[in-house]
Amino acid sequence: MKRRTVTAGNLDEILAMTAPAQAPEQAAAPPAAAPPPREDHGLRTEFEFELPRGYVDEAGTVHRHGAMRLATARDELRPQIDLRVKENPAYLSVVLLSQVITRIGAITDVHAGVVERMYATDVAFLQDFYRRVNSEGHTRAAVTCPHCEGGFEVDLSGGRLGES
């Protein structure tokens, strides 16, 4: 096999020489549209949740439903260089949650200020939800009934107690 050096001047010539021959009916046909992107349903990367209390925005609207995506290594490393985290290590969870929460109600720009203004109950819920999603890969939790002591699983990702 002969090796060729390709330069910008002769690239078109080489492509024309090496292109497969087309049948006459194919040459007149318009180029085919690109195939639609293939969706991979094997890995779930975003998880819905419902906050126990809800985030109250400046207008007084309560937002309870939201979504959190899987964390990347960058998401977990970035807070380590954040000055707020260096000054107060407890702030790490605020910065981390603000990076992986994709929306809360109608709010799609979730930043550290939003997480700071959440109730402590909701932040604790989100911390546990983050751990379950990123460590265990699911949002189910094993619980025990306080009355009959029977064990079962609940899905933490949404729905009120007693609803299906």
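Phenylalanine 49 has glycine 66 in β2 as its bridge partner. The strands β1 and β2 pair in the antiparallel sense over 7 bridges; two strands count as paired if DSSP finds at least two bridges between them. Helices (H or I, at least four residues) and strands (E, at least two) are DSSP runs, numbered from the N terminus.

This is a predicted model, in which local features need pLDDT of at least 70, side-chain atom pairs count only at pLDDT 80 or more, and totals for chains, interfaces and linings use all residues. Residues are numbered from 1 along each chain as its sequence is written, and side-chain values use heavy atoms, with hydrogens and water left out.

**The hairpin**

- β1 and β2 form a hairpin with 5 residues between them.
- Glycine 60 sits in the turn and has a positive phi of about 90°.
- Arginine 64 forms a salt bridge with glutamate 50, and their closest N and O atoms are 3.8 Å apart. A salt bridge here is a side-chain nitrogen of Lys or Arg within 4 Å of a carboxyl oxygen of Asp or Glu.
- This pair links distant parts of the chain: arginine 64 is in strand β2 (residues 62-69) and glutamate 50 in strand β1 (residues 46-56), 14 residues apart.
- Glutamate 50 is buried, at 10% relative accessible area. Arginine 64 is partly exposed, at 23%. Buried means under 20% relative accessible area, exposed means over 50%, and partly exposed lies in between (1.4 Å probe, protein chains only).

**The aromatic cluster**

- The structure holds 3 aromatic pairs. Rings of Phe, Tyr and Trp (its six-membered ring) pair if their centres lie within 6.5 Å; planes under 30 degrees apart count as stacked, over 60 as edge-to-face and the rest as tilted.
- Phenylalanine 49 and phenylalanine 129 form an edge-to-face pair, with 5.6 Å centre to centre and 65° between the planes.
- That pair links distant parts of the chain, with phenylalanine 49 in strand β1 and phenylalanine 129 in helix α7, 80 residues apart.
- Both phenylalanine 49 and phenylalanine 129 are buried.
- Phenylalanine 125 and phenylalanine 129 form a stacked pair, with 5.8 Å centre to centre and 20° between the planes.
- Phenylalanine 125 and phenylalanine 129 both lie in helix α7, 4 residues apart, about one turn of the helix.
- An α-helix has 3.6 residues a turn, so residues three or four places apart point the same way.
- Phenylalanine 125 has a relative accessible area of 16%, and phenylalanine 129 has 0%.
- Phe49, Phe125 and Phe129 form one aromatic cluster.

**Helix α7**

- α7 has 17 residues and reaches 23 Å from its first C-alpha to its last. That is close to the 24 Å expected at 1.5 Å a residue; the expected span is 1.5 Å times one less than the number of residues.
- The buried residues of α7 are Asp122, Val123, Phe125, Leu126, Phe129, Tyr130, Arg132 and Val133.
- Aspartate 128 and arginine 132 meet in a salt bridge (3.1 Å, N to O).
- These two residues are 4 apart in helix α7, so about one helical turn separates them.
- Aspartate 128 is partly exposed at 26% relative accessibility, whereas arginine 132 is buried at 14%.
- Salt bridges with shared partners join Asp128, Arg131 and Arg132 into one network.

**Loops and surface**

- A search of the whole structure finds 7 salt bridges.
- Side chains of opposite charge can pair when their charged atoms come close.
- One of the bridges joins the side chains of arginine 117 and glutamate 58 (3.1 Å, N to O).
- Arginine 117 lies in the loop between α6 and α7 and glutamate 58 in the loop between β1 and β2, so the pair ties together parts 59 residues apart in sequence.
- Arginine 117 is partly exposed, at 43% relative accessible area; glutamate 58 is exposed, at 67%.
- Tyrosine 119 is in the loop between α6 (112-116) and α7 (120-136). Tyrosine 119 is partly exposed, at 43% relative accessibility.
- Glutamate 149 is in the loop between β4 (140-144) and β5 (151-155). Its phi is near 60°, a positive value in a residue other than glycine. Glutamate 149 is exposed, at 66% relative accessibility.
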